[in-house]
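User: Could you take a close look at the aromatic rings for me? I'd like to see how they pair up and where they sit.

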Amino acid sequence: MTRQLSQYVNRDLSWIEFNRRVLEEAQDASNPLLERAKFLAIVTSNLDEFTSVRVAGIQDQVKAGLTKIDYTGYSPAGLWKRLMKRTQMMVAEQYRTYRDVLRGLAKEGIIIRSYEELNPSQQESLEDYYNDIVFPVLTPMAFDQSRPFPLVHTKELYLAVLLRKDGHTNEEEPYFAVVQVPSILPRCVKVPGRGNSKKLEYVLLEDIIERHMDTLFYGYKPFSVCPFRVTRNADLTLNEEGAEDLLEEIEKELRKRRWGMPVRLEFAKGMNEYALAVLQEELEIGENVVPIEGPLDLSFLMKFANAIPGRDNLRYPPMEPVYPREFEQAEDMFEVLRQRDVLLYHPYESFEAVNDFVQQAASDPDVLAIKMTLYRVSGQSTLVRALAKAAEEGKQVTVVVELKARFDEERNIAWARQLEKAGCHVVYGLVGLKTHAKILLVVRRETNYLRRYVHVGTGNYNGNTAKLYTDVGLFTSHPVIGADASALFNEMTGYSAPYEWRAFAVAPSGLRNKLYELIDRESEHAREGRPAHLIAKMNSLSDQGMIDKLYEASQAGVKIELIVRGVCCLRPGVPGRSENIRVISIVDRYLEHSRIIYVSNGGQEEVYLSSADWMSRNLTRRIELMCPVFDPSLRKIMINILQLNLRDNVKARELQSGGGYVRVCNELTPFRSQFEAKDTPEWKGYV
């Protein structure tokens, strides 16, 4: 019986398609070999997070006996089975690709060898390394009647060891132990070359430990050693209403994450059946038990690829972000912004301009207050130091820190404490809502009044990801935007009645309605016979209401072009429903992260930048921000950025009505949008 196609693509199956596009970049022979290795690492990291959050949630629903069909037509049990099949197929394909990449690297003289392949002098060198560096940090953990099964941390690599006592027979039940492969040490260990060879040779750390396993169990003989890895449920369950201190509540939940229920067990193919049975019984996991034909956890390839010396021919050409021309010669950034708005496009333009702006504000005696949201911050944040300095110099500094940014909770707690110690007012947002808006407000005393300077962006205030993600940020001193910025911070930090926004649209109260209004207006233009065009760029589109609104607009005759990097639950090209909708996804060197909306508005074009994807969580459970671009020249820049993406016929894939993606294929000259943005100034109007 053929399954009837739903109006919507399932969110989790769409995510699988996204990760498959990442895997295709690892398979693409036109990409440099070390970059292909990095894409393999990203596939693993993506799948880890997906398993620990999304798959874990579906597994909980199945265990709870929930049978409700979602709006895409799937029950939890049906979706679980489909996801297991798809992910296992993807993992098998990933390891075939891994072996292909390894063969390519070997031809370039970069080789990961097994311990047995090394010559005696190389093995002797590794024996010294093991004794001096590895052995002191290893801890063998036995499991028997007197010692409980050890805590196996999520996503860490372990070795399951079966042993026999000297003199015991093979018929007796073996002893079982676990040894963690220390993540503090490099996973790939460089070994001396052979003679005058210029080859770079490496051995995996777990191979070295396995070879020397007998040193950990004096009087016992290891006869089976096999790597395994557990992924646990990582979703935090917070009682924000009852929490007297949100920071303490999150710290408590983070400790619980270590004990989250296992949702996946990976092990090296060929593991001893007894060892596998012990793991399954003690970890209480019967499904999602995955044999791996190759090294577990290919995320190590990211550090490995970055650590290879030289070999620039195996990497993307270096790209140094340029400092924004508008600020390049300026001693006073405030003076520039009094004259005009400035738009930045990362990573092609340097995030240092944002750091410099905050540092100038921190040291300027006329700046009275700095207010900022922080969601994900880099490890050594210039911004945090500048905010602390501003507070120490007596300025009013308010920072809304989102403690619930998944997998960055501990880092954000550390920043929050550091900022509080410096005298900043630190606010942890509103109960039940994540603060995902990206906004910075500086209040400065000028001749006869106070002027507000604002930066709003599509990406986090993170100097590291700003080199890897494409994002846009707007600097402005526009008084209407400044007034809205003050009102937004008042809502986040205090009590405030509903505010009549003049420029912003803010979730959860009004962003959805504003987006509906923009789409409905384009539909009305189409019905009246005027040109109607909507372009929207985002990371994910899964909200049913937004999809239905786009379907309505398509049926009214609006031309809709969507650039959705990841999940997209809308089905384009369906006659009578979505034939006027085109959806593309670009997966390339940089992570496409910007959120931009364009509407033609009957010739009176409007452009917005936003922090929000079109997902239910962003529109209903987060504080999100959408800001208009008032300056006509900057609107043109934003449209140019969108057009760059839409012209891509090298790295763009187009979503089909069946839910799959195909590479954009046309007879036009090859056009790779990220490389064009790097190599030409057209997107910013420079000629």
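**Aromatic ring pairs**

Searching the whole structure, which is a predicted model, turns up 20 aromatic pairs. Let's zoom in on a couple of them. Phenylalanine 334 and tyrosine 453 make a tilted pair, with 4.7 Å from centre to centre and 55° between the planes. Tilted is the word here because the label edge-to-face needs planes over 60 degrees apart, and stacked needs them under 30. Phenylalanine 334 belongs to helix H10 (residues 333-339) and tyrosine 453 to strand E16 (residues 449-457), so this pair ties together parts that are 119 residues apart in sequence. Both phenylalanine 334 and tyrosine 453 are buried. These two also belong to a cluster: ring pairs link Phe327, Phe334, Phe357, Tyr453 and Phe475.

Now for another pair, tyrosine 348 with tyrosine 590: the ring centres are 5.9 Å apart and the planes meet at 90°, so this one is edge-to-face. Tyrosine 348 sits in the loop between strand E10 (342-346) and helix H11 (352-363), while tyrosine 590 sits in the loop between strand E21 (581-586) and strand E22 (591-592), so the pair ties together parts that are 242 residues apart in sequence. Are they buried or exposed? Tyrosine 348 is buried, at 4% relative accessible area, and tyrosine 590 counts as buried too, at 6%.

Rings can have charged neighbours as well. Arginine 164 has its charged end over the ring of phenylalanine 223, 3.8 Å from the ring's centre. Lysine 549, in turn, lies over the face of tyrosine 516, at 4.9 Å from the ring centre.

Terms used
Residues numbered from 1 in each chain as written. Predicted model: local features only at pLDDT ≥ 70, side-chain atom pairs only at ≥ 80, totals over all residues. Heavy atoms only, no water. Phe/Tyr/Trp six-rings, centres within 6.5 Å; stacked < 30°, edge-to-face > 60°. Helix = DSSP H or I, 4+ residues; strand = E, 2+ residues; numbered from the N terminus. Buried < 20%, exposed > 50% of the residue type's maximum accessible area, 1.4 Å probe, protein only. Lys NZ or Arg CZ within 6 Å of the ring centre and 35° of its normal.
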